[in-house]
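Me: I have a chain on screen and want to learn how to read it. Can we go feature by feature?

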Amino acid sequence: MDAAMRELLVPLTDSRRAHTIEVSRKVEHAAHQVPESLRDEVTTAAYLHDVGYGYPVSGFHQLDGAERLRTCGYSPIVCYLVAFHSASTVEA
């Protein structure tokens, strides 16, 4: 995790940050199952998947996080993965 990613996680609660890091470690362990060209983006999305909790706008953390990442210059793939993680399509 780079400094910019760490900075985005600062507003999260300690428990949310711990969850995010645990999810990311699991994704890193399984990343070999993803095409090599997508591994960095999948791992980045894992580290940032709950960033929207720290930057609430709509109250829908997946979309808030994806929008925050878009404005920070993250790739459309990372933003998509954050926007649609968990059951976000059902929750919406």
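Me: How many positive and negative side chains does the chain have, and how far apart do the centres of the two sets lie?

Reply: Lys and Arg count as positive, Asp and Glu as negative; His and the chain ends are not counted. Each charge is placed at NZ of Lys, CZ of Arg, CG of Asp or CD of Glu. Here there are 8 positive and 12 negative side chains, with the two centres 3 Å apart. This is a predicted model: local features need pLDDT of at least 70, side-chain atom pairs need 80 or more, and totals for chains, interfaces and linings use all residues. Residues are numbered from 1 along each chain as its sequence is written, and side-chain values use heavy atoms, without hydrogens and water.

Me: How many helices and strands does the chain have?

Reply: Both are DSSP runs, numbered from the N terminus: helices are H or I, at least four residues, and strands are E, at least two. This chain has six helices and zero strands.

Me: Which residues of H3 are buried?

Reply: Buried means under 20% relative accessible area, exposed over 50%, partly exposed in between (1.4 Å probe, protein chains only). In H3, the buried ones are Glu41, Thr43, Thr44, Ala45, Ala46, Tyr47 and Leu48. That is seven of the 10 residues in 39-48, so helix H3 is largely enclosed by the rest of the structure. Across the chain, 37% of the 92 residues count as buried.

Me: What do the buried residues of H3 pack against?

Reply: Look for contacts, meaning heavy atoms within 4.5 Å. The buried residues of H3 pack against helices H1 (3-9), H2 (14-30), H4 (61-71) and H5 (76-83).
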